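Please read the following points alongside the sequence and the coordinates.

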Amino acid sequence: MSHDWMLVETLGSEPTVVAQGAHTKNLIPISSLLRRNPHLMAIQTAISETVRGGSGLSSITPKNDCVIRTEVVAMSDGRIHGVQMWIGAADEDPPPRPEVGCLLWDLTNGTATDTPESLKIGGWDPTTQPTQSRAFADDLPRRDLNPHEAEVISMVITPRPGVTICTTWDVTDHRGEQITVGFVARSLEEVDDDDSPRLVCRAMNWRSVHEGRGDSEASLAERILASLARPGIHRALVDPAHWMLVKWLDDPAPFFDWRAGMASEHAIHPHDRPTVAEMAAGFGEGSVSGVLRVIARDGGWTPVHVTVHRIELHDGVIAGLAELRLPTDEELTEARLEER
């Protein structure tokens, strides 16, 4: 086997390999990848003991010819997402260990929690970004639209347990540099601190290498970006069931507090909720539009013209492609906001 560090995801019924060095592997059971390795049993034991003990270890194989080193990859809540493992000669030093980050998406409550490592690896500046209670649109790359993001966004729009995703994304980091990020995610049913059930997505990310892609994988980007960005209009993908903003396709709109979201009960003016209900009812037939008063950055209300188009993302999952802009004087007059 290669003497690179191996990243093993440990949230499933069997440890699965998701990266070897900088190369992403697609959730390969370690028993399959290393089936001919004479140290397979010792490796499996080392991984199990690392998860059970919650810390890395160094062990010698039965014939004393190799050493197995492990390190845990844990979320800030203490849950171990994976194990980094290296095996080599007893007198050999391992190469530098790749940095791995952990993140958690609460699919029930619609919030994301990161670690500083996951932010850094994902291309964000960890010194300026919060790690707790982030919006999903803060966690997904802005502007760049990666083909496999359809699967991740589908996990948010139609959450269900048992979904696994392992892929790589080519994104632009906060310094404007192109990077490739490996990403593995698994949705799980868990119990919250107050014993209430919740559905979460636990994930890891790491810096990977560009492996290339087929032409068919570009269909999502081509479909959504067919109409070019226009000045003053800020496009985003939204969850049509809750009107939760999931991902920005342009720079985020500066004229309202989008992190409060359109999904929050208090984010939209109470007198405009009937208009939201009408738009939601009409969405099933195609595009809908209207003027809504949403939370401004100063805490007041600001009118925003919202148009939402119906699109199919992945395997029948429907999302909304929202176009957000400031309304014209004529649209404000027609909306009759003061009469609502």
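1. Val 291 stands opposite His 305 in strand 15. Strand 14 and strand 15 (residues 301–314) pair in the antiparallel sense over eight bridges, where pairing requires that DSSP finds at least two bridges between two strands; helices (H or I, at least four residues) and strands (E, at least two) are DSSP runs, numbered from the N terminus.

2. This is a predicted model, in which local features need pLDDT of at least 70 and side-chain atom pairs count only at pLDDT 80 or more, while totals for chains, interfaces and linings use all residues. Residues are numbered from 1 along each chain as its sequence is written, and side-chain values use heavy atoms, with hydrogens and water left out.

3. The open sheet has five strands in the order 13-12-16-15-14, with antiparallel pairing. Its edge strands, each pairing on one side only, are strand 13 (244–248) and strand 14 (288–295), and the twist averages 40° from one strand to the next; axes are lines fitted to C-alpha atoms, for helices over the stretch in contact, and angles run from 0 to 180 degrees between N-to-C directions.

4. Helix 7 (residues 273–283) packs on the sheet, touching strand 14, strand 15 and strand 16, and its direction makes about 145° with that of strand 14; contact means heavy atoms within 4.5 Å. Helix 5 (residues 149–157) lies across strand 12 (234–239), strand 13, strand 15 and strand 16 (317–325), running at about 115° to strand 15.

5. Met 6, found in strand 1 (residues 6–9), is buried, with a relative accessible area of 0% (buried means under 20% relative accessible area, with a 1.4 Å probe and protein chains only).

Definitions and conventions. Buried < 20%, exposed > 50% of the residue type's maximum accessible area, 1.4 Å probe, protein only.
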